[in-house]
Amino acid sequence: MIQPIYLYGSEVLRRKAESADLSRKEELDTLIADLWETLAKAEGCGLAAPQIGVSLRVAVVDGDVMKDVYPYLEGFKRTFINPVIVEHSEELCEYNEGCLSVPGIYADVVRPEWIKVEYYDENLEKKTEVFDKFAARMCQHEFSHLDGVLFSDLVAPIRRKMLAKKLGRISQGKVGTSYKAKIK
């Protein structure tokens, strides 16, 4: 079911999400289906459970929507349950990021170039994968949500100061979106 996306200023976005209980497969299946449906409707490339008001460590990424810009992402879709970055590169890279919870704002964020992640997939199979380039970027962005961190927290201090007024308007609900959104 398509869920509203919680916007900047919502308390759930600032909480460290709890580990998902793998024994609750039906509930996880429903949550994952909701994440995918909501993401498709919003036309984004990733969504974490806190963004739909559920403080659990679950996220989905869809690189397919970026294949025109990054052809290597064609077919790249992942569901992450309880992901943990177990290793990352010392090398950093900078990409311009945006977020469905912070609509209309884009800013450069520095993150590790590649990451190694342990997680459970939608079938509750344990996986370990290495992601690089924009795939690593999408994953790290969503995993930050699981720790209560938004991309706007990671921008250079001067840029954050420049964004303060826009962020304030979002937190007051003074923003338009093409998808269902809420602040709570």
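Let me begin with a term: a residue is called partly exposed when its relative accessible area lies between the buried class, under 20%, and the exposed class, over 50%. In this predicted model, K25 has a relative accessibility of 29%, and therefore K25 counts as partly exposed. The salt-bridge partner of K25 is D29, with an N to O distance of 2.6 Å. D29 is likewise partly exposed, at 35%. Both residues belong to helix 1 and stand four residues apart, about one turn of the helix.

That pair is one entry in a total of 11 salt bridges.

E129 and R78 meet through their side chains at 3.0 Å, N to O. E129 is in strand 8, residues 126–132, and R78 is in strand 4, so this bridge ties together parts that are 51 residues apart in sequence. E129 is partly exposed at 21%, and R78 is partly exposed at 21%.

The next bridge joins D147 to K16, whose closest N and O atoms are 4.0 Å apart. Here the sequence separation is 131 residues: D147 sits in the loop between helix 2 and helix 3, and K16 in the loop between strand 1 and helix 1. K16 is exposed, at 60%, whereas D147 is partly exposed, at 34%. Through shared partners, salt bridges join K16, R57 and D147 into one network.

I turn now to the interior. In soluble globular proteins, nonpolar side chains tend to be buried together. The largest nonpolar core of this model contains 20 residues, and F76, F80, F131 and C139 have the most contacts inside it. Which element supplies the largest share of this core? Helix 2 does, with seven residues. Strand 3, strand 5 and strand 7 are among the elements that each supply at least two.

Beyond its neighbours within four places in sequence, its contacts include V61, D62, F131, M138 and C139. F76 also belongs to an aromatic cluster with F80, Y119, F131 and F143.

The aromatic pairs number eight. One of them, F80 with F143, is edge-to-face, with 5.0 Å between centres and 85 degrees between planes. F80 lies in strand 4 and F143 in helix 2, 63 residues apart. Both F80 and F143 are buried.

Finally, G173 is found in the loop between helix 3 and strand 9, and G173 is partly exposed at 42%.

Methods:
Residues are numbered from 1 along each chain as its sequence is written. This is a predicted model: local features need pLDDT of at least 70, side-chain atom pairs count only at pLDDT 80 or more; totals for chains, interfaces and linings use all residues. Side-chain values use heavy atoms; hydrogens and water are left out. A nonpolar core is a set of buried Ala, Val, Leu, Ile, Met, Phe, Trp, Tyr and Cys residues joined through side-chain atoms within 4.5 Å. Buried means under 20% relative accessible area, exposed over 50%, partly exposed in between (1.4 Å probe, protein chains only). Contact means heavy atoms within 4.5 Å. Rings of Phe, Tyr and Trp (its six-membered ring) pair if their centres lie within 6.5 Å; planes under 30 degrees apart count as stacked, over 60 as edge-to-face and the rest as tilted.
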